[in-house]
Amino acid sequence: MKLTYIGTAAAEAVPALFCECSFCENARKRGGKELRRRSGAIVNNDLLIDFSPDTYTGTLSLGIRLNEVKYVIITHSHSDHFCPHELEFRRAPAFCILPDDRAPLKVYGNRNIEAGIRQALGDDLALHGIDFTYVPPYVPFKAGDYTVTPLSVIHCLPEDAYIYLIEKDGKRLLYGNDTGVFPEKTFDYLKGIKLDIVSLDCTMGFRDCETGHMGFSANLKVKNRLEENGCVKDDTVFISHHFSHNSLREPDGDWTYERFSEKVKPYGFIMSYDGLVIEK
Ligand SMILES: [Zn+2]
Ligand SMILES: [Zn+2]
Ligand SMILES: [Zn+2]
């Protein structure tokens, strides 16, 4: 299983679109890993997680081909994760030329995602080459050879925001962004399930936050709970992900990729960056 991060920032990106703060100004100068697109990732070459405003340009610069994507799973309806108007361009032959027998793009998500797609594209999704399926939490579904399970998290109530457990060929990825510490039902569901890769929201950096988003101390809490619940192996990879310029900018200095990475390494975490690839 190969996980590639297409974007690793919170909603306003890093540097933030219109921002003149010190971190954003420094990020513009430093370039490289300090530039972060809106969040999203891809598993292998065919399962996309979230569709941010930066998905297209991100995939272009990473050499990822969206025409090879068969499945899209969406975590929640915030605009940094879900741009339903982009799906309009799957309509063939108006906006893309594809073989006649190409299956529709299968999109999965909660009820808010369903409403958003229908609002953007209307009810005739087949016309746009899209096949949407509402997926309830805690019920595994098949997307080709993947087994995917949405798990509820608290982020933007009353919307039922999800993280996803993704399994293929005996490997398991738990992909999350935009969550606080998980609700008990989600920890309970994961009990005894061995995870290979765990990607956690770290929007708040080293600030304490456990609700709606997480800071790194909450990432450690989640890791500890997963360890207690028998989910962690010797080689499980933990990644802190989804960063905001507001929490990377601190009076004692910028949390650059290098500085942040050094700080979290002793705790068994790595910091995500655009283009990071984890292979298991
Ligand atoms: Zn977000
Ligand atoms: Zn800024
Ligand atoms: Zn969000």
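In strand 12, phenylalanine 238 is the bridge partner of valine 198, and strand 11 pairs with strand 12 in the parallel sense over six bridges. Two strands count as paired if DSSP finds at least two bridges between them; strands (E, at least two residues) and helices (H or I, at least four) are DSSP runs numbered from the N terminus. The model is predicted: local features need pLDDT of at least 70, side-chain atom pairs count only at pLDDT 80 or more, and totals for chains, interfaces and linings use all residues. Residues are numbered from 1 along each chain as its sequence is written, while chains are lettered from A and ligands numbered from 1 in the order in which they are written.

**Overall architecture**

- The protein chain comprises seven helices and 16 strands. Its radius of gyration, taken over C-alpha atoms, is 18 Å, close to the 19 Å given by the globule rule for 280 residues, so the chain is as compact as a globular protein of that length. The globule rule is 2.2 Å times the number of residues to the power 0.38.
- Along the principal axes, the C-alpha atoms fill a box of roughly 55 × 45 × 35 Å.
- Of the 280 residues, 44% count as buried; this requires 20 or more other C-beta atoms within 10 Å of the residue's own, with exposed meaning 12 or fewer, partly exposed in between, and C-beta atoms placed from the backbone.
- Among contacts with a separation of 6 or more, 68% join residues 24 or more positions apart; a contact requires C-beta atoms, placed from the backbone, within 7 Å.

- Seven strands form an open sheet of mixed pairing in the order 7-8-9-10-11-12-15. Strand 7 (141-143) and strand 15 (269-271) stand at the edges with a single partner strand each, so one side of each is left without a neighbour in the sheet.
- Neighbouring strands of this sheet are turned by 25 degrees against each other on average, direction ignored. Axes are lines fitted to C-alpha atoms, for helices over the stretch in contact, and angles run from 0 to 180 degrees between N-to-C directions.
- Strand 7 and strand 8 (residues 146-153) run antiparallel and are joined by three bridges; lysine 142 stands opposite threonine 147 in strand 8.
- Helix 5 (residues 216-228) packs on the sheet and touches strand 11 (195-201), strand 12 (232-241) and strand 15, its direction making about 155 degrees with that of strand 12.
- Helix 7 (residues 257-264) lies across strand 12 and strand 15, at about 170 degrees to strand 15.

**Strand 11 and its crossovers**

- Six of the seven residues of strand 11 are buried, so this strand is largely enclosed by the rest of the structure.
- Strand 10 (residues 171-175) pairs with strand 11 in the parallel sense over three bridges, with serine 199 as the bridge partner of tyrosine 175.
- The chain passes from strand 10 through helix 4 (residues 184-190) to strand 11 in a right-handed β-α-β crossover: with the strands pointing away from the viewer, the path from the first strand over the helix to the second runs clockwise.
- Strand 11, helix 5 and strand 12 also make a right-handed β-α-β unit.

**Sheet 6-5-4-3-2-1-16**

- Seven strands form this open sheet, and the pairing is mixed. Strand 6 (130-134) and strand 16 (277-279) are the edge strands, each pairing on one side only.
- Strand 3 (residues 47-49) pairs with strand 4 (residues 71-73) in the parallel sense over three bridges; tyrosine 71 is the bridge partner of leucine 47.
- Helix 2 (residues 55-62) lies across strand 1 (2-7) and strand 2 (40-43), at about 125 degrees to strand 1.

Notes
Two residues are in contact if their C-beta atoms, placed from the backbone, lie within 7 Å.
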